[in-house]
Amino acid sequence: MMPCECVVVREMEAGEEGDSKGKAARVLASVSSSSSSSSSNGVGSDSSTGSRRCKSEVMFPIYVRGSSRRNLISRTILDFAGDPIWEAVKSEAKSEAEKEPILSSFLYASVLCHDCFERALSFVLANRLQNPTLLATQLMDIFDNVMMNDKEIQRSIRLDAQAFKDRDPACAQYSWALLYLKGYHSVQSYRIAHALWKQGRKVLALALQSRISEVFAVDIHPAARIGEGILLDHGTGLVIGETAVVGNWVSLMQGVTLGGTGKEHGDRHPKIGQGALIGAGATVLGNISVGDGAMVAAGSLVLKDLPPHSMAVGNPAKVVGYIEDEDPSLTMKHDVGMDYFEHVAVSFADRDNGDIKAER
C-alpha cells in the first residue's frame, strides 16, 4: 500500500529562501496537534503590509496559500507526520462512536480504519456514488489512485474542509463535512472528475459527473476550473458550466447557476473572483467577471461584469455599494447593509402624474 502523503503549505518571505530547510522544520513544529476546536473568530492582519488574513490562516497557517501579499513565495512542504485536520477527524470519530455506539461500525469503516484523509474520503465518496454498474470497489480504486498522486487535490480537500468548518455554522466538526455534508462531497467528487478530465479520461469524467448530479443534485462540468477553500453551502441545485472559473475562498449557496449564454462553442461561462460570495438562487450568465471579494445577493441575475468588492442586487443585478472590510465569502454576510435601504425611498412628488419614482 502506498504511504499517505499530506501536502502542507506556508508563505515564506523572499529573503527566507536560503534558510528554507531549517525554517520548514520550525513551521512543522509549530502546528498544533489538536485541531478539533476553533480559534478566535476574528481575522488576523499582517502589520508590515496591512493585508487581511483569512481565519483559516490564523488557525492552520501551514495549510494556507494564495495570499495576495507581495514579496512572498509560496513553498510546498511535504510532511509525513503532521496533519491536524486528519487528526481532528479521527479524534471526533472516536468521540462520536463512544456517544453513539450504533454508529461505531460506520465510523470505523469510514474513518478509523484508514491511514489518511485521502483514503477515508475515497471510501465515503465511493459508497455515496456507487450504483449497479459503478461498483464501490472500482470507484475506490479510481479515487484512491487520483488523490494519492495529486498534491493539489490533497491540499484542496483539506482547505475545503477548513472552509466548511469556518464558514458554515451547521458544520461543528471537520468529520461532519467528510461524512455528512453533500456540498463537501460534491466538490471533492468534482475534483476527481476534473483530474480525470485533464488526464484525457473524459468519458469516465462525464460518467462521474452524471452520478454526482443524480446523487447530490449538484451539476459541475468536469472541465470547469474551481480553486481551493471552497464552500458549497447545501449545494442543492447548483450548476457550474464547462468554461466557468471559480477562484480561491469562494462561497456558493444553494441554487446558484454559473451558466452560459447559449453559444454552441467557446468561452461562455462566468469567472468568479477570489473571496466572492454568491447568494442562494443567484444566476450569473455569460463570459463575464465577478470581481474579487464581490457579493451577489440571493435571487439576483448578473449579466454584466461586477467590480471587485462590490455588492450587486436585483434582476438584472445592479451595484448598490462596496465592501470595505474582509471578503464576504469569509464573513458569510448576505445582506447588502442598511445603508442601501436607507437611500431607497419612494417619492410621491409626481403622484398627480401617476408616477412613483424610486430615488437612490
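Two residues are in contact here when heavy atoms of theirs lie within 4.5 Å. The structure is a predicted model, in which local features need pLDDT of at least 70 and side-chain atom pairs count only at pLDDT 80 or more, while totals for chains, interfaces and linings use all residues. Residues are numbered from 1 along each chain as its sequence is written, and side-chain values use heavy atoms, with hydrogens and water left out.

With that in hand, Ser 310 makes a handy way in. Setting aside neighbours within four places in sequence, Ser 310 is in contact with Gly 293, Ala 294, Met 295, Val 319, Gly 321, Tyr 322 and Ile 323. Ser 310 belongs to strand S16 (residues 310-314); strands (E, at least two residues) and helices (H or I, at least four) are DSSP runs numbered from the N terminus. Its relative accessible area is 0%, so Ser 310 is buried. Buried means under 20% relative accessible area, exposed over 50%, and partly exposed in between, using a 1.4 Å probe and protein chains only. Gly 293 sits 17 residues from Ser 310 in sequence, with 7.4 Å between the C-alpha atoms. The Ser 310 side chain also reaches the backbone oxygen of Pro 307 at 2.7 Å.

Stepping back to the whole protein, there are twelve helices and 19 strands. Of the 360 residues, 49% count as buried. Among contacts between residues at least 6 apart in sequence, 52% join residues at least 24 apart.

Buried residues of H3 include Pro 84, Ile 85, Trp 86 and Ala 88. The buried residues of this helix pack against helix H4 (104-112), H5, helix H7 (151-167) and helix H8 (174-180).

A search of the whole structure turns up three aromatic pairs. For Trp 86 and Phe 117, the ring centres are 6.2 Å apart and the planes are at 70°, so this pair is edge-to-face. The pair ties together distant parts of the chain, with Trp 86 in helix H3 (residues 84-99) and Phe 117 in helix H5 (residues 117-129), 31 residues apart. Rings of Phe, Tyr and Trp (its six-membered ring) pair if their centres lie within 6.5 Å, and planes under 30 degrees apart count as stacked, over 60 as edge-to-face and the rest as tilted. Trp 86 and Phe 117 are both buried.

Helix H9 (residues 182-198) has 17 residues and runs 24 Å from its first C-alpha to its last, close to the 24 Å expected at 1.5 Å a residue. H9 is mostly covered, with 15 of its 17 residues buried. Just after H9, Gly 200 takes a positive phi of about 90°.

Arg 211 counts as buried because its relative accessibility is 12%. Its side chain makes a polar contact with the side chain of Glu 214 at 2.7 Å. A polar contact is a pair of N or O atoms within 3.5 Å; within protein, one must be able to donate a hydrogen and the other to accept it, and residues adjacent in sequence count only if both atoms are side-chain atoms. Not counting residues up to four places away in sequence, Arg 211 touches Arg 128, Leu 129, Gln 130, Asn 131 and Leu 134.

How values were computed
Expected span 1.5 Å × (residues − 1).
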